[in-house]
Amino acid sequence: MEKRAGIQSFEKFKYINTINSLAGGDITKWDAVMNMPYERILTKLLLNKTEAEYQKKYMEISREG
């Protein structure tokens, strides 16, 4: 569905997509995100991934009944 919706159009922004996401879409917070330690950013990205995987699986299970 994402592909059909045009997710690939965001590829031109490369790493800015991640910075923008971590800043909650607030451009005034981009510098704060970019100045954070790498380990903190990586941990947050892993947390986001784990949450998304959980939510996807939970929705699949809840549809099963």
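**Figure 1. Glu2 in helix 1.** Glu2 lies in helix 1, where helices are DSSP runs of H or I with at least four residues, strands are runs of E with at least two, and both are numbered from the N terminus. This is a predicted model, in which local features need pLDDT of at least 70, side-chain atom pairs count only at pLDDT 80 or more, and totals for chains, interfaces and linings use all residues. Residues are numbered from 1 along each chain as its sequence is written, and side-chain values use heavy atoms, with hydrogens and water left out. Glu2 has 56% relative accessibility and therefore counts as exposed (buried is under 20% relative accessible area, exposed over 50% and partly exposed in between, with a 1.4 Å probe and protein chains only). From Glu2 to Leu46 the C-alpha to C-alpha distance is 21 Å, at a sequence separation of 44 residues.

**Figure 2. Phe13 and a nonpolar surface patch.** Phe13 is found in the loop between helix 1 (2–5) and helix 2 (16–22), and its relative accessibility of 42% makes it partly exposed. Together with Ile7 and Phe10, Phe13 makes a nonpolar surface patch of about 300 Å²; patch residues have over 30% relative accessible area and no salt bridge, with nonpolar side chains (Val, Leu, Ile, Met, Phe, Trp, Tyr) joined within 5 Å and like charges within 9 Å. A salt bridge here is a side-chain nitrogen of Lys or Arg within 4 Å of a carboxyl oxygen of Asp or Glu, and accessible areas come from the Shrake-Rupley method with a 1.4 Å probe.

Figure 3. Rings of Phe, Tyr and Trp (its six-membered ring) pair if their centres lie within 6.5 Å, with planes under 30 degrees apart counted as stacked, over 60 as edge-to-face and the rest as tilted. By this rule there is one aromatic pair. The ring centres of Tyr54 and Tyr58 are 5.9 Å apart and their planes stand at 35 degrees, so the pair is tilted. Both residues belong to helix 4 (residues 38–64) and are four residues apart, about one turn of the helix. An α-helix has 3.6 residues a turn, so residues three or four places apart point the same way. Tyr58, at 49% relative accessibility, counts as partly exposed.

**Figure 4. Helix 4 and its end.** The 27 residues of helix 4 reach 39 Å from first C-alpha to last, close to the expected 39 Å, which is 1.5 Å times one less than the number of residues. Just after helix 4, Gly65 takes a positive phi of about 110 degrees.
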